[in-house]
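Hi everyone, thanks for making time. Please have a look at the model on the screen, and then I'll walk you through it.

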Amino acid sequence: MICLYYNKEVRILKGVFEKPEYSEMLKEYVAADPDAIAKALARNYHWTIAPCGNTALNLLGFSTQVTAVWVDDAYFWGKS
């Protein structure tokens, strides 16, 4: 992931910036949250996204498995 620093913000993608958090425990800056990036992109492009499979179960508290699978509205409407 290429990051450009601009006024203490990190550019993750075109139009997506984050203020990095410093971890006292690790003594370094931590990586951006993938869920927050997905939600920011969805908000920017007016997408509807939803967690899928084990990700949904994990967010609802039914499972301890951690995955990173999200689907958009094209998945439900059969668009590619």
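Let me start with a term: when I say contact, I mean heavy atoms within 4.5 Å. Among the contacts in the protein with a separation of 6 or more, 12% come from residues 24 or more positions apart.

Some housekeeping. This is a predicted model, in which local features need pLDDT of at least 70 and side-chain atom pairs count only at pLDDT 80 or more, while totals for chains, interfaces and linings use all residues. Residues are numbered from 1 along each chain as its sequence is written, and side-chain values use heavy atoms, with hydrogens and water left out.

Now the layout. The protein has 3 helices and 7 strands, running β-β-β-β-β-α-β-α-β-α from the N terminus. These are DSSP runs numbered from the N terminus: helices are H or I with at least four residues, strands are E with at least two.

How much of the protein is buried? Buried residues are 18% of the 80. Buried means under 20% relative accessible area, exposed means over 50%, and partly exposed is in between, with a 1.4 Å probe and protein chains only.

Next, helix α1, residues 34–45. Its 12 residues should span 16 Å at 1.5 Å a residue, and the end C-alpha atoms are 17 Å apart, which agrees; the expected span is 1.5 Å times one less than the number of residues. Ile 37, Ala 40, Leu 41 and Ala 42 are buried in α1. An α-helix has 3.6 residues a turn, so residues three or four places apart point the same way. The buried residues of α1 pack against β2 (9–13), β3 (16–18) and β6 (49–51). After α1 comes His 46, with a positive phi near 60°.

On to the rings: there are 2 aromatic pairs. Rings of Phe, Tyr and Trp (its six-membered ring) pair if their centres lie within 6.5 Å; planes under 30 degrees apart are stacked, over 60 edge-to-face, and the rest tilted. Tyr 22 and Tyr 29 are edge-to-face, 5.2 Å centre to centre with 75° between the planes. Tyr 45 and Trp 47 are stacked, at 5.1 Å and 20°. Tyr 45 is partly exposed, because its relative accessible area is 45%.

Finally, two loop residues. Met 25, between β4 (22–23) and β5 (28–29), counts as exposed because its relative accessibility is 75%. Ser 63, between α2 (54–60) and β7 (70–72), counts as buried because its relative accessibility is 18%.
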